[in-house]
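Please open the model in a viewer and keep the selection panel at hand.

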Amino acid sequence: MALNTNLFSFNLTSYIKYLLLQNLPSCKRKIIGIIGGSGFDDPDLFENPIPRDVDTPFGKPSDVLLEGSIKGVSCVLLARHGRKHQYQPSDVNYRANIWALKQIGCTHILATTATGSLVENYQPGDLVILDDFIDRTWGRKCTFFDATVGGPRGVCHLPMRPAFCGRAREALITAAKHAGLRCHEKGTAVTIQGPRFSSRAESLMHRQWGAHVVNMTTVPEVVLAKEAGLSYAAVALVTDYDCWRDNEQSVSVSEVLEMFARNIKKAIQVIVDAVVLLAEEEDLTYLDAHKDLVSSAVMLKE
């Protein structure tokens, strides 16, 4: 029987192309995780949402993960404090949250956070794309490398400059500019333990340290995301002036919630547009660089 070499050549070529596609690095498929702060956990953002009950070596995340898509881009939404806001900042299982998002396949995380302003020109209603942090928390689990069964081995001495992923920050900044929103391209967040707000002396001290905003959740979330090798950036929504200004009343929950409710659509618009921008990127070598950085920071004696 004569062999049809043309048919064989065509099939072999197609098969090789298929194999090459199957062996592309996993980071080529972008899945954007979105961690919602207060008021952002709105499942209506997603097309075809599917709840996923996930477990991790570090316990359960704050709530079920909602898998879906935004403008055709695969996304996963997680309510940081739980959909009923049942977890105070120091009780959030940040490790389980980040691990669950990575475990489900996320390559990026975009987060929102409510913040108080420590600078006069960072006004309530403004957006801030965070670029650094000061940690004033205690007792929170800040690493995956602690001999937890099922977790990574060794000790990770992770460098935190830069604290946030530059490419993800650029996407948020670009989205905010295109929307014509008042947005500050840099901001250092002081993360306090909570759930109480700062005293006036603490607020004045934070200003002296050069911080721009104060919140309760950026740490350890940003640290763990970087340790997981993920691209992480956060957009902060300024809700108040904390309590450092003369003749200023102390910040209140009602004030924070009112301002957040009035301005949350800004943060949503920026996140949605940034998701599209990140999905359009073709040069994804920075994702490999994040993973390589973590690998180089781990000390492990066999």
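Over the ring of which residue does the charged end of R207 sit? Select R207 and W244: the charged end of R207 is over the ring of W244, 3.8 Å from its centre. A charge sits over a ring if NZ of Lys or CZ of Arg is within 6 Å of the ring centre and within 35 degrees of the ring normal. Next, select R245 and Y241; R245 lies over the face of Y241, at 3.8 Å from the ring centre.

This is a predicted model, in which local features need pLDDT of at least 70 and side-chain atom pairs count only at pLDDT 80 or more, while totals for chains, interfaces and linings use all residues. Residues are numbered from 1 along each chain as its sequence is written, and side-chain values use heavy atoms, with hydrogens and water left out.

**The whole chain.** Display the protein chain as a cartoon to see seven helices and 13 strands (DSSP runs numbered from the N terminus: helices are H or I of at least four residues, strands E of at least two). Of its 302 residues, 48% count as buried (under 20% relative accessible area with a 1.4 Å probe, protein chains only; exposed is over 50%, partly exposed in between).

**The aromatic cluster.** Select F58, W99 and F144, which form one aromatic cluster. Rings of Phe, Tyr and Trp (its six-membered ring) pair if their centres lie within 6.5 Å, and the count comes to five aromatic pairs.

**The cores.** A nonpolar core is a set of buried Ala, Val, Leu, Ile, Met, Phe, Trp, Tyr and Cys residues joined through side-chain atoms within 4.5 Å. In the largest, of 41 residues, I98, L101, I109, L130, F144 and Y232 touch the most other members. Elements giving two or more residues to this core include strand 4 (73-79), helix 2 (94-103) and strand 12 (231-240). A second, separate core of 34 residues includes F46, A168, A233 and V270.

Centre the view on L101: not counting residues up to four places away in sequence, L101 touches I35, L65, V76, L78, C106 and I109 (contact means heavy atoms within 4.5 Å).

**Helix 2 and helix 5.** Show this pair with their axes, which are lines fitted to C-alpha atoms over the stretch in contact, with angles running from 0 to 180 degrees between N-to-C directions. The two helices pack at about 35°, with their axes 9 Å apart. Y94, R95 and I98 of helix 2 meet P220, E221, L224 and A225 of helix 5.

**L77.** Finally, select L77 in strand 4. L77 is buried, at a relative accessible area of 4%. L77 and F46 are 31 residues apart in sequence and 8.4 Å apart in space, C-alpha to C-alpha.

Definitions and conventions:
Rings of Phe, Tyr and Trp (its six-membered ring) pair if their centres lie within 6.5 Å; planes under 30 degrees apart count as stacked, over 60 as edge-to-face and the rest as tilted.
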